[in-house]
Amino acid sequence: MTASRFWQISIWILVLALAIAAPWAFYNYHTGRQSGFVISMLSQMGMMSILALSYNMLLGQAGLFSLCHATFFGIGGYATIHFLNMASAGSLPLPMELIPLLSGLSGLGLAIVLGYIATKQRATAFAMITLGIGELMVTSALMFQHFFGGEGGVNTNRMIGRSLFGLTYAQGIQVYYLILAWTLLSALAMFFLTMTPLGRMANASRDNFERVQFVGYDPRMVRFFQFALSGLFAGIGGGLYAITYEIVTFDALAAPLSANALLMAYIGGSASFGGPILGAVLITLLQSGVSLMSNSWLVYVGVLFISMVIFAPSGIMGLVTAHGPIVRGGQLGRLAVPYIRVLVPGILMVAGFVGLVELTSFLTIGAAQGKSLVLFGNKIDVHATLPWLSAAVCLLGGGFWLRLEARSFRRVWEGLMQGLKPQRSVA
Amino acid sequence: MSDAALALKNVGKAFGNLEIIRGVSLDIARGERHAIIGPNGAGKTTLFNLISGRFRISSGEILLNDVRIDGLPPHKINRMGLSRSFQITSIFHRLSVFENLRCALLWSMGYRYSFWTPLWLQRELTARTDAMLEDLNLTPRRDTAAGLLSYADQRALEIGMTIAGGASVILLDEPTAGMSNSETDNAVALIRRVSKGKTLLMVEHDMKVVFDLADVITVLVYGQVIASGPPHIVRANPAVQEAYLGALDAA
Amino acid sequence: MEIVLVSLFNGLVYGMLLFMLASGLTLIFSMMGVLNFAHASIYMIGAYLAFTVSRFVGFFPALIIAPLLCALIGAAIEVWGLRRVHHNGHIAELLFTFGLVFIVQRSVQMIWGMLPMAYRVPPSLDFSLFTIYGANFPAYRGFMLLVSVGMLVATWLLLKKTRIGLVIQAALTHPQMASALGHNVPRVFTIVFAGGCLLAGLAGVIGGNYQTTEPGMAESMGPIVFVVVVFGGLGSLAGCFVASILMGLIMTFAVVINTSMLDLLRPLGITVTGDNLFTEILTVPVARIGALLPFAMMIIILSFRPRGLMGTRDT
């Protein structure tokens, strides 16, 4: 117990150290600056981590499937633009470092109002209400010019000239560290929440909402508080978004971002606290990396998500922690060969799938954009039969092979688990 | 104040045209161990659902310590000192055994919806939870996820969660259902131990358990009370024998 | 006056289109407890398939083929996807269909491209049926009405007169009972899911050239269909019908009403000047609020009457 706690803390400190050091790994000595691309990607990871973590307060911790989480992110963003404009005009004497707190309060305020309605219901009805709320907010954002600025959104200048540390926030690196600080603070706060009476009762009402009533709690109030607090943190994330990009449009509260929050939390692993962070980092990497190379990255994310729902409902983090007993039993080595045997057909299948998707996409979208498919320096003719055939063979052959190997992998896995059981019950 | 901890006055419940409970009146004295028996479909569990607020009654009154509780939501009734268990085990299956019991203690210890109290610093809460674990013989299973417990352990946890909040009136719905003989003996000992000084109302099919534990037995048939009284009198009642015990003997 | 009549017709046509989508979703939702987020995606697939198929064999064969293909897709989704996540609970099923939405949307873009398709009304139906007050009523809308009424009658007969229909009806109101009666519930589920997808596909075929066939059509249709289903109520096809027509009428009428709240207040002698958020809310015309209405209605009905207009069970 204490040993694993030690490792957990070490991993978190390592992640934090990495996050602090990361910009300097891409330092360009010619220009004397960090890579702008890396900085903006890291900043994105920070705010997406907050979004995913706050979403998971609902999905993973309270079992609530919300479809309007971006609403609170967005409102935090819009409000922050107005706060920054007020600060520039001198009517809001607040240093830059504390502005995200106001963003969070805006998110909290709206979440209290909307949460009062949404948390009347649970499960599917809750999901439907939040769907309605999300659509309602997007429509309103396009309708009301004063606060939301219509299609064009609202913009600001983040150099408000007031800082606790005398920073101007002219450079991306300063903003990044501000984001990092707030991400750390928010993550710690959300972690703290999981260990309070409310956090525990949220878990309890996820597992069995009916029983919660018979230990004296009103499950609706549990949902309400949890919803409101998750709105607070989503608002902070939105505030950081506004500070980074200095413009907020209705994209910041629209359904695709809500869906993104869900994807990040679920793929990363909604059953563990850190999972959503992993998901946020991964999806952001995919988004900024793969989307440069491929038009169809969302298909990959979608397929990854569906496979997770079917095969690994506890997400990547869940897959990792499932290895815990085997690692502790010192048996990890025994999995090496089975892993390789699964990996080879797995890679084959994925390659075949990616091939087919890319071929299709270059046939239509790529052609429209005047691009052509290039693989290992060779231009590939998307109208020829050979590439299609080889991709299809890879996909199908790899798929069948993987099924066979997966079966034997499961046998090995179950054998190992069986062997470890007696030890576990002693411990 | 009358000496009835729980009083039902002409309670009725109908689902559509179907009358499940028809005018049940019952007084359960403070400190009494009261068993409700009756054939399947007599409405015993429905009666529990009515008392605990899970369903609304169609007619009549229910009083807990002379205060009307019918129409109140379950959590309010629970806060007034009435706690129930479920026939089909109802626990928080992904939380550990320790967390399950701690959740059952939280409200009664005044933590409410606090999101600012760090639970790991609450010494008294932890101590009381650990004492409960010890009482239930679940200490070796402290950190196991409740969903992974054996059936008998889950039933023990179910009872533990019911009494954890310190309610004065305890409703147990078939606490020993599906248990082996030795498990039943353990459960009876546990119930006897934890219900000391409390009012206990239970539904039970196992006649041995009923005659072992109960001070008063009420027989419910088709939503009506046909007999109520001390075990030996109920046992001798011809109507009861015909409707219920006789059928059992014949089987 | 003519605007009222024309809007009434258009609302009816749109309402029937909605009902074709929503009836399938209601059947699936009531029976399996799965709110199929991908239902509108199937609608979109239906439209695209109809476009492609009709290029080879013409519109009328496509009217049959495309929905059947959609039914096959639906059956595949149920057998290989939904059934596998079923034991993980409703949230997992919701998540699964939610993921499908992404995949379908992107796949459609990949296969057919980002631009709207040239999916047009067949020439044989491209004439004016009649004229009211100088406004033409296109024959295709009449055809849509015909198809949807035909579908309505067919579904009704299927539910009332066949064995499987009776089982489905029983399962609508009492989901647990059907399995207790010894019916092969998984197979009934597959049939219902495929049937729902067939209806959605049919709606896509006739709706695709009524509206436009483009990658965003699922996204714009999906939420409205949900609203209809929730509003009508679980387990009630009649409620679904009423809600569809109601929503169709509301949506078409709201577009043509150009008054704002301020216009209603004016006779009371209230005028508002200035340029702030408050006056903005008051001066928004109903035509623009129309887009908000369905969602507002859904939120209100869900928070106060979760079983919907004529539903028999809570959502």
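This is a predicted model: local features need pLDDT of at least 70, side-chain atom pairs count only at pLDDT 80 or more; totals for chains, interfaces and linings use all residues.
Helix α1 (residues 44–51) of chain B lies across the strands β1, β2 and β4 of chain B, and its direction makes an angle of about 65° with β2(B). Of the 2 pairs of chains in contact, chains A and C share the most contacts, whereas chain B and chain C do not touch.

**The sheet of chain B**

- The strands of chain B include an open sheet of 4, arranged in the order β2-β1-β4-β5 and paired in the antiparallel sense.
- Because β2 (18–29) and β5 (67–68) of chain B stand at the edges and each has a single partner strand, one side of each is left without a neighbour in the sheet.
- Within this sheet, strand β1 (residues 4–15) of chain B is joined to strand β4 (residues 59–64) of chain B by 5 bridges, and the two run antiparallel.
- For B:Gly12, the bridge partner in β4(B) is B:Ser59.
- In general, strands of a sheet pair through backbone hydrogen bonds, and the pairing may be either parallel or antiparallel.

**The domains of chain A**

- Chain A is divided into two parts, with domain 1 covering 36–321 and domain 2 covering 323–419.
- Between the C-alpha centres of domain 1 and domain 2 of chain A there is a distance of 33 Å.

**The contact between chains A and C**

- This contact draws 40 residues from chain A and 41 residues from chain C.
- On the side of chain A that touches chain C, the elements giving two or more residues are α5 (123–143), α6 (145–148), α13 (297–311) and α16 (336–369) of chain A.
- Helix α5(A) provides the largest share of that side, with 14 residues.
- Sorted by class, the side of chain A that touches chain C is made up of 25 nonpolar, 13 polar and 2 charged residues.

**The contact between chains A and B**

- Here chain B contributes 31 residues and chain A contributes 24 residues.
- On the side of chain B that touches chain A, at least two residues each are supplied by α2 (74–79), β6 (82–84) and α3 (97–106) of chain B.
- The largest share of this side of chain B, 5 residues, comes from α3(B).
- The residues on the side of chain B that touches chain A comprise 16 nonpolar, 10 polar and 5 charged.

**Chains B and C**

- The nearest C-alpha atoms of chain B and chain C are 13 Å apart, and these two chains do not touch.

Notes:
Residues are numbered from 1 along each chain as its sequence is written. Chains are lettered from A and ligands numbered from 1 in the order in which they are written. Two residues are in contact if their C-beta atoms, placed from the backbone, lie within 7 Å. Ala, Val, Leu, Ile, Met, Phe, Trp, Tyr, Cys and Pro count as nonpolar, Asp, Glu, Lys and Arg as charged, and the others, Gly among them, as polar. Two strands pair if DSSP finds at least two bridges between them. Axes are lines fitted to C-alpha atoms, for helices over the stretch in contact, and angles run from 0 to 180 degrees between N-to-C directions. Domain bounds come from an automatic or database domain assignment.
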